[in-house]
Amino acid sequence: CTVIFTRLATRDLHKPISILFCNLAVSDLFTSFSGFWISMLFITNPDITIFGSRDMLAPYALYTTSILSTIYNLVSIGIERYLAVAESMRARFRLARTHSIAVVLVSWVLAFFLGCLPLMGWNCLHAEQNISVLYSPFCVNYLVLVTMPNVVLAFLVPLFTYLRIIIILRKRKLRMQACGQATGTYKSAETQVARTSISIWLLALVSYAPFLAGVIFDATNQRCHTDLYPSVYIFRNCTAMLITITCLGNPLLYTLRAKLRAPRCLSAQRPRACAI
């Protein structure tokens, strides 16, 4: 909430990337809210969170929607940062506020569509063969379809974009050294980008890899709920806690710490801002 209010109240932050940051905070807020909803259901009636019930469809659907929206936002931010750095791409395409708003709308529409499929009928309330053991009454094939491609997307796209950003900064620093120009500012920017990029990728890895492992276990498991209780459900709760930690870490990485300001690189003709 602090990130959202700060972004809305500060005029200097009304930029395309700030719209993505603010939307990421909204996604994290929904994730925390839906996780709190599931926790209250566990406190009041723990059996329905283990054996499944119609009452779990709505909170699980909201939880899935918010996680998907967070993943799409992380991917969008990585792509936007890459477009801001790559000169060849920046010459052909400049991200405007309308583009950011369109990305936000598309990500939410896609997240709501995929997240609400169980509410539209794709659930296993009346089918025992394909029911999820960890996330009843979701179906295993639905979890596999939604989880695997999106988690892989969350791993690979930020890894590619931030590695490309580091490589571009390294090449520009070497080019400046060849021209005999000072590179202290660029070296500092490169180090800051590298540390932040690694932190972003590791946070996504630590947060979503256990969840993906749980879904894979769920898809290959043939035992019933009582045989897995309580160790597997403790692991499931730990994965939810890791995702909640991501909601706390995103504002720190993307808003408070990751202020990647542009160093000035002098060209032969005029100063040029290299937005990172």
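The legends below describe an overview and several close-up views of one predicted protein model.

In this predicted model, local features need pLDDT of at least 70 and side-chain atom pairs count only at pLDDT 80 or more, whereas totals for chains, interfaces and linings use all residues. Residues are numbered from 1 along each chain as its sequence is written, and side-chain values use heavy atoms, with hydrogens and water left out.

**View 1. Overview of the fold.** The secondary structure comes to 10 helices and two strands, where helices (H or I, at least four residues) and strands (E, at least two) are DSSP runs numbered from the N terminus. Along the sequence, the elements follow the pattern α-α-α-α-α-α-α-α-α-α-β-β. Of the 276 residues, 48% count as buried; buried means under 20% relative accessible area, exposed over 50%, and partly exposed in between, with a 1.4 Å probe and protein chains only. The accessible surface comes to about 14,500 Å², of which 67% belongs to carbon and sulfur atoms, as computed by the Shrake-Rupley method with a 1.4 Å probe, and for residues only the protein chains shown count as cover. Among contacts (heavy atoms within 4.5 Å) between residues at least 6 apart in sequence, 74% join residues at least 24 apart.

**View 2. The largest nonpolar core and the surroundings of Tyr135.** A nonpolar core is a set of buried Ala, Val, Leu, Ile, Met, Phe, Trp, Tyr and Cys residues joined through side-chain atoms within 4.5 Å. The largest such core has 37 residues, of which Tyr135, Phe138, Tyr142 and Tyr208 touch the most other members. Two or more residues come from each of H2, helix H3 (46–51), helix H4 (57–85), helix H6 (97–115), helix H7 (140–178), helix H8 (184–220) and helix H10 (231–257). H4 gives the most to this core, with seven residues. When residues up to four places away in sequence are not counted, Tyr135 touches Tyr60, Leu143, Phe211, Asp218, Arg236 and Thr239. A second, separate core of 19 residues includes Leu20, Tyr82, Trp108 and Leu253.

View 3. H4 is mostly covered, since 27 of its 29 residues are buried. The end C-alpha atoms of H4 are 42 Å apart, which agrees with the 42 Å that its 29 residues should span at 1.5 Å a residue, the expected span being 1.5 Å times one less than the number of residues. Glu80 forms a salt bridge with Arg81, with the closest N and O atoms 2.6 Å apart; a salt bridge is a side-chain nitrogen of Lys or Arg within 4 Å of a carboxyl oxygen of Asp or Glu. A search of the whole structure finds one salt bridge. Glu80 is buried because its relative accessible area is 9%, and Arg81 likewise counts as buried at 17% relative accessibility.

View 4. Phe36 is placed in helix H2 (residues 16–44), and it counts as exposed because its relative accessibility is 52%. Together with Met40, Phe42 and Ile43, Phe36 makes a nonpolar surface patch of about 410 Å². Patches are made of residues with over 30% relative accessible area and no salt bridge, with like charges joined within 9 Å and nonpolar side chains (Val, Leu, Ile, Met, Phe, Trp, Tyr) within 5 Å. Phe33 also lies in helix H2 and is partly exposed, with a relative accessible area of 47%. Although Phe33 and Ser66 are 33 residues apart in sequence, their C-alpha atoms are 9.5 Å apart in space.

View 5. Ser136 and Pro137 are joined by a cis peptide bond, with omega about 10°. Most residues other than glycine have a negative phi, and most peptide bonds are trans. Pro137 is found in the loop between H6 and H7.

View 6. Pro158 is found in helix H7 and counts as buried because its relative accessibility is 6%. Leaving aside neighbours within four places in sequence, Pro158 is in contact with Val75 and Leu153. Pro158 and Leu74 are 84 residues apart in sequence, and 7.5 Å apart in space from C-alpha to C-alpha. Ala240, placed in helix H10, is partly exposed with a relative accessible area of 27%. The C-alpha atoms of Ala240 and Ser207 are 8.6 Å apart, while the two residues are 33 residues apart in sequence.
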